[in-house]
Amino acid sequence: MKLPIIIHRARLGSAEFTVIRPARPLTHAALIDHDRHLNAYLDQDAAQQIGGLRELAASSPRALVHLPMRSNPTPFRNLPEAGTRQLDLVLLHHSLQFAPSRWKELRGRLGPDRGAVIGSDTVFSWGVWVSLSCENFVRAADRWDAAGREAEEPSLAG
């Protein structure tokens, strides 16, 4: 899987960080905080991109991978209840020990970007857990490659 990315650099005090973003927006990806319970809604392309970027974050101890998703459309017409909000996703190597409270400051200091392409020609496979009724699972499997399936109403609730 070849993955076009954008690379930024920024400093916080004496530390310099690399911030990586996908070159293509994750248009069919939403991360929603339901009162401290996170739910991700992804199509196949977004899941593959996130999987590839996760691998990059896991092997890059000085980089943060930023996936802007908070302004993406959600599977809901409106967010379901008070206390619910959309979030971006930031992935990083555990050894970086980056405090989440510093993300906004770092994001504001990002320097000019440069493009790059990472990856290989191997097929990326990533297992995920999904909660669907048997009926909705069969329907999703039947429609998996159908054009326009991403515009259908969400089927996670039944």
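This is a predicted model: local features need pLDDT of at least 70, side-chain atom pairs count only at pLDDT 80 or more; totals for chains, interfaces and linings use all residues.

Entry 1: Then I listed the lining: Leu31, Leu38, Arg70, Arg85, Gln86, Leu87, Asp88, Leu89, Val90, Trp103 and Arg107. Which element gives the largest share? I found that S6 does, with 3 residues. I sorted the lining by class and got 6 nonpolar, 1 polar and 4 charged residues.

Entry 2: I turned to the strands next. Strands of a sheet pair through backbone hydrogen bonds, either parallel or antiparallel. Here, 3 strands form an open sheet in the order S4-S3-S6, with antiparallel pairing. S4 and S6 are the edge strands, each pairing on one side only. On average, neighbouring strands of this sheet are turned by 25° against each other, direction ignored. I checked S3 (residues 29–34) against S4 and found 6 bridges, running antiparallel.

**Entry 3: alanine 40.** I placed alanine 40 in strand S4, residues 37–42. What stands opposite alanine 40? I found leucine 31 there. Leu31 is also one of the residues lining the second largest pocket. Leaving out residues up to four places away in sequence, alanine 40 touches Ala30 and Leu31. I then took the distance to glutamine 86, C-alpha to C-alpha. Alanine 40 and glutamine 86 are 9.8 Å apart in space and 46 residues apart in sequence. Gln86 is in the pocket lining too.

Entry 4: S1 (residues 2–12) and S2 (residues 15–22) are joined by 8 bridges and run antiparallel. Isoleucine 7 has isoleucine 20 in S2 as its bridge partner. The hairpin of S1 and S2 has 2 residues between the strands, and glycine 13 takes a positive phi near 65°. Do S2 and S5 run parallel or antiparallel, and over how many bridges? I read S2 and S5 (residues 63–67) as parallel, over 3 bridges. In this pairing, threonine 18 stands opposite alanine 63 in S5.

Definitions and conventions: Residues are numbered from 1 along each chain as its sequence is written. Side-chain values use heavy atoms; hydrogens and water are left out. On a 1 Å grid over the protein atoms alone, a cavity is a set of points where a 1.4 Å probe fits but cannot get out, and a pocket is an open set with protein on both sides within 12 Å along at least five of seven lines; lining residues have an atom within 4 Å of a point. Helices (H or I, at least four residues) and strands (E, at least two) are DSSP runs, numbered from the N terminus. Ala, Val, Leu, Ile, Met, Phe, Trp, Tyr, Cys and Pro count as nonpolar, Asp, Glu, Lys and Arg as charged, and the others, Gly among them, as polar. Contact means heavy atoms within 4.5 Å. Two strands pair if DSSP finds at least two bridges between them. Axes are lines fitted to C-alpha atoms, for helices over the stretch in contact, and angles run from 0 to 180 degrees between N-to-C directions.
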